[in-house]
Amino acid sequence: MSDFDNSTSEGTAAQIINGSHPTLQNAKADFSGLANSASSQNSDTTDSDQPLTHYHSFFYDLFTWKFPRATGFFFFSAISLISAFRFVNVLRYVFKATYLLLFGVAFLEIAAKPFGARGIISSVRPKRYYTIPRDSLDRLFGELHDLLNFFVLEFQRVLFAENIFATVVAFFASFIGYFLIKYIPFWALLLLTTVTAFTAPLIYLQNQEVIDEQIEWANEYVNAQLVSGRQIAEKYIDDASVRARATATELTQKVQGYAGKKSPTTEKSQASSLSGHNGVSHEFPDAPKSDLPAVDDESDVKVAAPEPILA
């Protein structure tokens with residue numbers, strides 16, 4: 001039994017070394033599939049028939065766990081990287097590794113000089129230093145260009161509500177992040193965002209029917225409430241317009257009544273003005289039309305004689 005176990009373990013170790021183990025083969029297949037989705041040209045387009053970048057397929061396959069081993073590797077690598085930068089002073093260790101490396105190079109080169117021998121580092125120095133080929137840089141900048149365009153396109157699709165569900169999800173995510181950043185540090189928010197980005201699509205795919213039913217029910221409920229609110233608003237608007245028309249009609253009638261009705265003082269003043277212009281005024285006597293009659297001195301006019309003065 002022990003011989004069988006030993007032979008099995010040796011066979012497993014040999015398979016791991018030469019890369020023929022089933023687990024390694026499956027992992028290689030997942031990484032190859034994810035790499036092919038990143039390199040293949042995407043046939044999807046936006047609503048305006050604008051072609052999407054190949055990173056759209058890459059991130060979709062990555063976050064939906066289409067290739068679980070490759071997605072798991074990226075997920076745990078991201079978690080480890082965030083935790084390392086949080087709990088380990090990575091920059092300090094980078095400087096430490098740099099000065100140790102340079103110290104070892106200098107020591108090995110100087111150690112052989114007193115004996116007249118050539119330095120160890122000088123003996124292994126390449127005849128031609130390595131340079132980055134231009135084609136590699138062109139490919140790198142091309143991939144960087146496509147990656148930036150992916151984020152720009154996706155942001156615009158969310159901003160202009162090409163998919164209203166994605167816009168609503170982005171709204172809730174940014175709203176929750178706005179409040180969480182007040183109470184938790186940035187590294188914790190980044191860790192929470194990473195865990196959510198890798199686990200939420202998987203939870204949705206495993207419970208798609210139930211979640212779709214709830215989303216459909218919520219959509220119907222919201223539409224019903226919108227219809228009810230629109231009907232109530234139309235009713236209030238109609239009632240307000242009817243009252244406004246009635247009030248306007250009543251005010252118009254009152255104004256017309258006040259304009260058509262005249263006061264007595266106004267009528268008298270109007271009548272007197274009309275009589276003064278059309279007829280002759282009788283407030284003063286008529287002037288005489290003939291000469292005054294002659295007066296006789298004897299008959300008509302008698303002058304009284306002065307009375308005698310008594311002595």
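Me: Buried means under 20% relative accessible area, exposed over 50%, and partly exposed in between (1.4 Å probe, protein chains only). Are Phe58 and Phe59 buried or exposed?

Reply: Phe58 and Phe59 are both buried. This is a predicted model, in which local features need pLDDT of at least 70 and side-chain atom pairs count only at pLDDT 80 or more, while totals for chains, interfaces and linings use all residues. Residues are numbered from 1 along each chain as its sequence is written, and side-chain values use heavy atoms, with hydrogens and water left out.

Me: How are aromatic pairs read, and how many does the structure hold?

Reply: A pair of aromatic rings is described by the distance of the centres and the angle of the planes. Rings of Phe, Tyr and Trp (its six-membered ring) pair if their centres lie within 6.5 Å; planes under 30 degrees apart are stacked, over 60 edge-to-face, the rest tilted. The structure holds 19 such pairs. The Tyr55 and Phe59 rings have centres 6.2 Å apart and planes at 35°, so this pair is tilted. Tyr55 and Phe59 are both buried. They sit 4 residues apart in helix H3, about one helical turn. Helices (H or I, at least four residues) and strands (E, at least two) are DSSP runs, numbered from the N terminus. Phe58 and Phe59 make an edge-to-face pair, with 5.2 Å between centres and 75° between planes.

Me: Which residues do ring pairs link into a cluster?

Reply: The cluster joins Tyr55, Phe58, Phe59, Phe63, Trp65, Phe75, Phe76, Phe150, Phe151 and Phe198.

Me: At what angle do helix H3 and helix H7 pack?

Reply: Axes are lines fitted to C-alpha atoms, for helices over the stretch in contact, and angles run from 0 to 180 degrees between N-to-C directions. H3 (residues 55-63) and H7 (residues 134-159) pack at about 75°, with axes 9 Å apart. H3 and H7 are therefore roughly perpendicular. The cut-offs are under 35 degrees for roughly parallel, over 145 for roughly antiparallel and 65 to 115 for roughly perpendicular, with the rest oblique. Contact (heavy atoms within 4.5 Å) involves Tyr55, His56 and Phe59 of H3, and Glu143, Asp146, Leu147, Phe150, Glu154 and Arg157 of H7. By class, this contact has 4 nonpolar, 1 polar and 4 charged residues. Ala, Val, Leu, Ile, Met, Phe, Trp, Tyr, Cys and Pro count as nonpolar, Asp, Glu, Lys and Arg as charged, and the others, Gly among them, as polar.

Me: How do H4 and helix H9 pack?

Reply: H4 and H9 (residues 186-206) pack at about 175°, with axes 10 Å apart. That makes H4 roughly antiparallel to H9. Among the H4 residues that meet H9 are Phe74, Phe75 and Ile79; the H9 side includes Trp187, Leu191 and Phe198. The contact of H4 with H9 divides into 11 nonpolar, 2 polar and 1 charged.

Me: Where does UniProt place the "transmembrane region" feature?

Reply: The unreviewed entry gives residues 70-87, 93-112, 158-180 and 186-205. UniProt positions follow the numbering used here, feature names are shortened, and annotations may be inferred rather than shown by experiment. Residues 186-205 are 100% helix and 0% strand, with end C-alpha atoms 29 Å apart. Residues 93-112 are 95% helix and 0% strand, with end C-alpha atoms 29 Å apart.

Me: What is phi of Trp65?

Reply: Most residues other than glycine have a negative phi. Trp65 has a positive phi, near 60°. Trp65 lies in the loop between H3 and helix H4 (68-87). At 21% relative accessibility, Trp65 is partly exposed. Ala161 also has a positive phi, near 55°. Its place is the loop between H7 and helix H8 (164-180).
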